[in-house]
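Here is a colleague's note for someone opening this model for the first time. Please keep the structure in view while reading the points.

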Amino acid sequence: MYKLLLCWRYLKTRYLALACVISVMLGVATLIVVNSVMSGFSTKLKDRLRGNISEIIIESVSLDGFGDPEGKMQRIRASPIGHHIEAMTATAEVFAILQFEGRIKSPCGNFYRDIGTVTRYVKLIGIDPKSYCKVGGFAQYLLEPERKSAPSFELSADAALRYFQNHPPFVDEIRLELPPPPPGSPPPPSPPPSRPKIAKGIIPGNALVSYRHPKHKPGTPVEDIYMVERGQDIRITTVSAAAVNHSGEQRMGPVQDRFVACDFFKSEMAEYDSSFVFVPLDYLQHLRSMGDRVTSIQIKLQDYAHAPEVVAVLKELFPRTGDPREDYLVQTWEDKQGALLAAIAIERGLLNVLLFLIIAVAGFGILAIFSMIVVEKTRDIGIIKALGASNTGVMGIFLGYGLLLGLVGAGLGTGLGLTITTYINEIEKVIGNATGHEIFSKGVYYFDKIPTDIQPMTVLLVNAGALGIVVLSSILPALRAALLHPVRALRYE
């Protein structure tokens, strides 16, 4: 009991120990906030990555892709892993160049200002929208509400009206001046009116056709300024599938066509929104002269926990052959994005190490304060030992004092860290309004708010680490106090 009483007395009378308590509190709070924000970013990033690509991808190593995708999907469903499959779809991906005539609407909306031809390097993806939505979150990232429930490349009424204003559905064919027919012969039939080609729909990434308002005010919603409207022409230039020329060589040639914007894709992932462009799969195959070939089969599982088993079987069904036109690469979405996920994990680990140095500073402060207390209380230690206190008991006083400091600091730090994490967006808004500078710029991160994810195990580990550092810092002064000789301690001046 005397150990606890002395620890509590030292805690109340040694106000210098409050500096150690505050150091531990700030260190624990900082670690909790940073880990929660980093975990929130990581979770939201994984959700975006998993929503934009399927859980398992069978890819071709060649731009020409592989043939008979329907037959291959039937083989997968008939295999031992068929019951694990929830949905599948085939896609074709190829690099391309996107061009459009950019126009910016005036603030009052009465006129447009032309900004010239805009050119972007993009990833062109041919999809079947109905089956593609079943393997990922494509539909939820479309901007038109009606298209979220029924995704397609058809034009809405407003987009169709805008398109046909620029492309009338019927155009009178130019008639040549012909000599009059001979007398008595029937008049020549009038040529039918020509119908211009109606372009196929295209869904470009939101960042390809818009940019964030440069004069965004803190605390207000971010405004996207669009350079393209629905119903406006977009030209795509890509390469055809490899064909054998007269010399027996396989060559790719440029192909291009005109599409019409029917909607925009906004996943809040800058990498995807600034590079992905979706078009109908069958038309991309026709444009590139691919036949029925595709570049990937995307798979969604009933339970992602069976992914290793499914991947192993798929690698047996589609082994590496060495032939680029019939070679396959089977990956999970985590394998495909492994470098990015590993970079986030490394950054989080390094940040934790650096932030733990804050608590280490508090540990050195405790070491110095305890050493000073041992020197000041040398006579008191001698009296306690003379009254029968053992070396272990004296050592327990100072270790208990260190543990008590750690518990108080860690408890206050946990409460402060959880409070800041819970109200971090409100705090960011208040600071932004007070300083006039937006701390969390929506134009940079493409998130509506700061994502957080409080993990109880991480909070427990942070507290355990803080207590461990504080107790370790108390060992050396505690040993020094325990080894003091009672007689010499009583004679100490």
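**Notes on the predicted model**

1. Start with the chain as a whole. Contacts between residues 24 or more positions apart make up 80% of the contacts in the protein chain with a separation of 6 or more. This is a predicted model. The protein chain holds 17 helices and 13 strands. Of its 493 residues, 44% count as buried.

2. Next, the nonpolar cores. The largest one has 76 residues. Ile 58, Phe 138, Phe 265, Phe 278, Ile 299 and Leu 314 touch the most other members. Strand β2, residues 85-105, gives this core its largest share, 10 residues. A second, separate core has 27 residues, among them Val 21, Ile 369, Ile 373 and Val 462.

3. Look closely at Ile 58. Which residues does Ile 58 contact, leaving aside its neighbours within four places in sequence? The list includes Phe 66 and Ile 76. It also includes Thr 295, Ser 296, Ile 297 and Ile 299. Further along the chain come Leu 314, Phe 318, Tyr 328, Leu 329 and Val 330.

4. Is Thr 295 buried or exposed? Its relative accessible area is 7%, under the 20% cut-off, so Thr 295 is buried.

5. Now helix α8 itself. Because 6 of its 8 residues are buried, α8 is largely enclosed by the rest of the structure. The buried residues are Leu 281, Tyr 283, Leu 284, Gln 285, Leu 287 and Arg 288. Just after α8, Ser 289 has a positive phi of about 55°.

6. Turn to α13 and α16. Helix α16 covers residues 456-482. Its axis lies 8 Å from that of α13, and the two pack at an angle of about 155°. That angle is over 145 degrees, so α13 and α16 are roughly antiparallel. Their crossing is right-handed. On the α13 side, the contact includes Asn 391, Phe 398, Gly 402, Gly 406 and Leu 418. On the α16 side, it includes Val 459, Asn 463, Val 470, Ser 474 and Ala 482. By class, this contact has 17 nonpolar, 6 polar and no charged residues.

7. Compare the pair α13 and α14. Helix α13 spans residues 391-422 and helix α14 spans residues 424-435. Their axes come within 4 Å and cross at roughly 70°. At that angle, which falls in the range 65 to 115, α13 is roughly perpendicular to α14. Ile 420, Thr 421 and Thr 422 of α13 meet Ile 424, Glu 426 and Ile 427 of α14. By class, the residues are 3 nonpolar, 2 polar and 1 charged.

8. Last, Ser 42. This residue lies in helix α2, residues 17-52. With a relative accessibility of 14%, under the 20% limit, Ser 42 counts as buried.

How values were computed: Residues numbered from 1 in each chain as written. Predicted model: local features only at pLDDT ≥ 70, side-chain atom pairs only at ≥ 80, totals over all residues. Heavy atoms only, no water. Core = buried A, V, L, I, M, F, W, Y, C linked by side-chain atoms within 4.5 Å. Buried < 20%, exposed > 50% of the residue type's maximum accessible area, 1.4 Å probe, protein only. Contact = heavy atoms within 4.5 Å. Axes fitted to C-alpha atoms, helices over the stretch in contact; angles between N-to-C directions. Parallel < 35°, antiparallel > 145°, perpendicular 65-115°, else oblique. Nonpolar A, V, L, I, M, F, W, Y, C, P; charged D, E, K, R; others polar. Left-handed = near helix turned anticlockwise from the far one by under 90°.
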